[in-house]
Amino acid sequence: MKTTQFRDLSGMPEFRAAEALQRAVWGDASASGEMIMVVQAEGGLAAGAFVDSSLVGFVFGFPSATPGIQYCHALAVLPEMRGRGIGLALKWYERRWCLTRGFRHVRWTFDPMQAVNAALYINRLGAGSTTYLVDYYGTSGGIDEELPSDRLLVDWFLDHYIVNAKSERRFVDEEVGDCLRIRLPRDVEALMLHDRKRTLTATLALRESLRDAFSHGYRISGFDCTERAYILAGRDR
């Protein structure tokens, strides 16, 4: 197997490659090569995964308006390179990068209907959420065309003991106790690809369930990959 190298991007050809990678993954690019270059120059993170000098994955973030909190704007891996742990490795790279610069908290958003992303962010990285953003980006094209751009706002506390354990591949009993489970449709991936009407119905149902749970003091603390279910515990746990 070819070796994957993880490092900061360098030079306009690589920034342009990151722009092209976004288009290959999402159908459009929310960060141009010029934007990536400027943000990195001003202290943001622009890093990639390289195989044979070719960019196959990309993570991009910058300091938020709140001191000590980094915002991750994009994480993308080429479709043909998925399933190899590249996205996970990029997030651990991001964690190391942030900790060396004094950031202990990273935020980002993701589509709550995306089970693969929920498994990565919540289950494997140890992030959580208490905030549901309705139609966050408004009407858009690409993967969100004809659907509301609902997002979960994720909080990743980089020096939390659970995150530390996961970074070292150690098992930790998270002891969630009594909890809620909010399930995605079993066929959610096929649904999102082939049935926009049912996807919309499922999205609105998930929106109502998660917002109601958050309003009653619950937080997302885990994701059951087998059941395709968000696990929510009380905020005092």
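1. Strands are DSSP runs of type E with at least two residues, numbered from the N terminus. By that convention Val51 of this predicted model is found in strand 2, which covers residues 45-51. Val51 counts as buried, because its relative accessibility is 13% and the cut-off for burial is under 20%. Apart from residues up to four places away in sequence, Val51 touches Lys2, Thr3, Thr4, Val56 and Met81. Met37 stands 14 residues from Val51 along the chain, and the C-alpha atoms of the two are separated by 21 Å.

2. Gln5 belongs to strand 1. Its relative accessibility of 42% places Gln5 in the partly exposed class. When neighbours within four places in sequence are set aside, Gln5 is in contact with Gly48, Ala49 and Phe50. For Gln5 and Gly48, a separation of 43 residues in sequence corresponds to 8.1 Å in space, C-alpha to C-alpha.

3. Leu9 is located in the loop that runs between strand 1 (4-8) and helix 1. With a relative accessibility of 3%, Leu9 counts as buried. Its contacts, neighbours within four places in sequence left aside, are Glu14, Phe15, Ala18, Ile36, Gln40, Ala46, Ala47, Gly48, Phe50, Leu55 and Phe58. Leu9 and Val59 are 50 residues apart in sequence, and their C-alpha atoms are 9.8 Å apart in space.

4. The pairing of helix 1 with helix 2 may be considered next. Two packed helices are described by the angle between their axes and the distance between the axes. Here the axes of helix 1 (residues 12-26) and helix 2 (residues 33-41) come within 8 Å, and they cross at roughly 125 degrees. The two helices are therefore oblique to each other. The crossing of helix 1 and helix 2 is right-handed.

5. Which residues make the contact between helix 1 and helix 2? On the side of helix 1 they are Met12, Phe15, Arg16, Ala18, Glu19 and Gln22. Helix 2 contributes Gly33, Glu34, Ile36, Met37 and Gln40. By class, the residues of this contact comprise five nonpolar, three polar and three charged. Among these residues, Phe15, Ala18, Ile36 and Gln40 are also in contact with Leu9.

6. Helix 3 covers residues 86-100, a run of 15 residues. From the first C-alpha to the last, helix 3 reaches 21 Å, close to the 21 Å expected at 1.5 Å a residue. Eleven of its 15 residues are buried, so helix 3 is largely enclosed by the rest of the structure. The buried residues are Ile86, Gly87, Leu88, Leu90, Lys91, Trp92, Tyr93, Glu94, Arg95, Trp97 and Cys98. Just after helix 3, Gly102 adopts a positive phi of about 90 degrees.

7. Gln70 is placed in strand 4 (residues 69-77). Is Gln70 buried or exposed? Gln70 is buried, and its relative accessible area is 0%. Leaving aside neighbours within four places in sequence, Gln70 is in contact with Leu45, Gly61, Phe62, Pro63, Ser64, Trp97, Cys98, Phe103, His105, Val106 and Arg107.

8. Thr203 is situated in helix 7, residues 196-215. A relative accessible area of 7% makes Thr203 buried. Its contacts, with neighbours within four places in sequence left aside, are Met113, Tyr132, Pro148 and Asp150. Thr203 and Met192 are eleven residues apart in sequence and 10.0 Å apart in space, C-alpha to C-alpha.

9. Arg169 has a positive phi of about 60 degrees although it is not a glycine. Arg169 lies in the loop between helix 5 (161-167) and strand 8 (180-183). Arg169 is exposed, with a relative accessible area of 81%. For Arg228, likewise a residue other than glycine, phi is positive and near 55 degrees. Arg228 lies in the loop that joins strand 9 (218-224) and strand 10 (229-234).

Note on methods:
Residues numbered from 1 in each chain as written. Predicted model: local features only at pLDDT ≥ 70, side-chain atom pairs only at ≥ 80, totals over all residues. Heavy atoms only, no water. Axes fitted to C-alpha atoms, helices over the stretch in contact; angles between N-to-C directions. Helix = DSSP H or I, 4+ residues; strand = E, 2+ residues; numbered from the N terminus. Parallel < 35°, antiparallel > 145°, perpendicular 65-115°, else oblique. Left-handed = near helix turned anticlockwise from the far one by under 90°. Contact = heavy atoms within 4.5 Å. Nonpolar A, V, L, I, M, F, W, Y, C, P; charged D, E, K, R; others polar. Expected span 1.5 Å × (residues − 1). Buried < 20%, exposed > 50% of the residue type's maximum accessible area, 1.4 Å probe, protein only.
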